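This briefing goes through selected features of one structure, grouped by topic. Please keep the sequence and the model open while reading.

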Amino acid sequence: MLASAGRAPETGRDLIRKNRMKVADIVKLLDGKLICGMDRLDYTIEVAFASDLMSDVLTLKNDHVLLITGLNNMQTIRTAEMSDIHCVILARNKKASVEMLELARDNELIIIECRYSVFKTCGLLFEAGVKPIF
Amino acid sequence: MSHDSHTMHFEYNVEGGNFTRAGYASSEIKKILKQLNVDMGIIKRTVVACYEAEVNVVAHAFSGTIYVDVSTESITIRLVDEGPGIPDIDLAMQEGYSTASSKVREMGFGAGMGLPNIKKNADKLEISSEVNKGTTLEITMFFN
């Protein structure tokens with residue numbers, strides 16, 4: 001059921017459908033800023049994983065993964081590219097550099113900047129019903 | 001690039017210490033494999049292994065070259081570097097063992113997961129190394 005018009009959902013539970021969440025709803029839930037992939041608001045994620053260790057991200061086998069990280073450098077984008085991860089949240093006000101954005105655009109990645117900490121970001125998504133990988 | 005009717009060959013240079021560029025070769029290889037309509041699961045395992053290996057060259061060596069051969073049966077990726085070499089390969093293969101610098105760790109690597117992860121993703125992995133000369137990794141992926 002949709003949240004009533006004009007009122008923000010209280011827990012984010014209204015934003016999940018069949019264990020999947022749309023990019024547009026992730027942005028809404030986290031009060032985030034979509035800085036790359038504006039045309040992919042309807043892309044849906046199935047599971048989420050948070051790490052600053054890219055080697056750990058590179059061990060994931062799942063599809064439709066949402067990556068939450070505090071690491072903002074070129075390897076964040078490269079790792080997403082190699083792992084077929086389409087959606088990345090840069091938590092705690094980390095900003096993507098021009099080079100990162102360029103590479104993200106080339107790979108049709110979705111990048112969301114968010115002012116919340118990794119902990120709070122994960123908490124809100126988990127509370128909303130987004131599933132962990134492990 | 002060169003190819004005859006059975007194989008295609010590509011080469012990429014890797015610069016030691018240049019983290020901005022680390023992953024460029026793996027990215028190019030991914031594009032090629034996609035164009036060749038290689039199975040997506042094989043592509044992912046190949047490029048994850050190749051990317052970890054490329055990061056290793058950037059992190060530890062002075063320079064390196066990646067040689068890629070794609071045949072109808074397999075993909076072979078040889079990473080040949082000039083660098084310090086690996087004194088004890090068995091130790092380097094152990095999960096959690098790392099000699100990476102803090103710079104490498106800042107980039108999101110250096111937790112001692114690279115080589116074990118390459119081994120998990122590759123169908124075949126061969127490593128040879130000579131201290132103070134360099135290391136060669138050969139990653140093979142089979143289509144069947």
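B:Asn144 counts as exposed because it has 4 C-beta neighbours inside 10 Å; a residue is exposed if 12 or fewer other C-beta atoms lie within 10 Å of its own, buried if 20 or more do, and partly exposed in between, with C-beta atoms placed from the backbone. This is a predicted model, in which local features need pLDDT of at least 70 and side-chain atom pairs count only at pLDDT 80 or more, while totals for chains, interfaces and linings use all residues. Residues are numbered from 1 along each chain as its sequence is written, and chains are lettered from A and ligands numbered from 1 in the order in which they are written. Helices (H or I, at least four residues) and strands (E, at least two) are DSSP runs, numbered from the N terminus.

**Exposed asparagines**

- B:Asn144 lies in the segment after strand E6 (134-142) of chain B.
- A:Asn19 is found in the loop between E1 and E2 of chain A. It is exposed, with 12 other C-beta atoms within 10 Å, and its phi is near 65°, a positive value in a residue other than glycine.
- B:Asn132 sits in the loop between strand E5 (124-130) and E6 of chain B. It is exposed, with 9 other C-beta atoms within 10 Å, and has a positive phi of about 65° although it is not a glycine.

**A sheet in chain A**

- In chain A, 3 strands form an open sheet in the order E1-E2-E4, and the pairing is antiparallel. Two strands pair if DSSP finds at least two bridges between them.
- Strand E1 (16-17) and strand E4 (44-45) of chain A stand at the edges with a single partner strand each, so one side of each is left without a neighbour in the sheet.
- Strand E2 (residues 20-22) of chain A is joined to E4(A) by 2 bridges. A:Lys22 has A:Thr44 as its bridge partner in E4(A).

**Two helices of chain B**

- Helix H1 (residues 24-35) and helix H2 (residues 40-60) of chain B have axes that come within 9 Å and cross at roughly 165°. Axes are lines fitted to C-alpha atoms, for helices over the stretch in contact, and angles run from 0 to 180 degrees between N-to-C directions.
- That angle makes H1(B) roughly antiparallel to H2(B); angles over 145 degrees count as roughly antiparallel, under 35 as roughly parallel, 65 to 115 as roughly perpendicular and the rest as oblique.
- Residues of H1(B) in the contact include B:Ile29 and B:Leu33, and those of H2(B) include B:Val47 and B:Tyr51. Two residues are in contact if their C-beta atoms, placed from the backbone, lie within 7 Å.

- The contact takes 19 residues from chain A and 18 residues from chain B. Helix H2 (54-57) and helix H3 (74-82) of chain A each supply at least two residues of the side of chain A that touches chain B.
- The largest share of that side, 7 residues, comes from H3(A).
- In H3(A), 9 of the 9 residues are buried, so the helix is largely enclosed by the rest of the structure. Among them are A:Met74, A:Ile77 and A:Met82.
- The cover over the buried residues of H3(A) includes H4 (98-106) of chain A, together with H1 and H2 of chain B.
- Just after H3(A), A:Asp84 takes a positive phi of about 55°.
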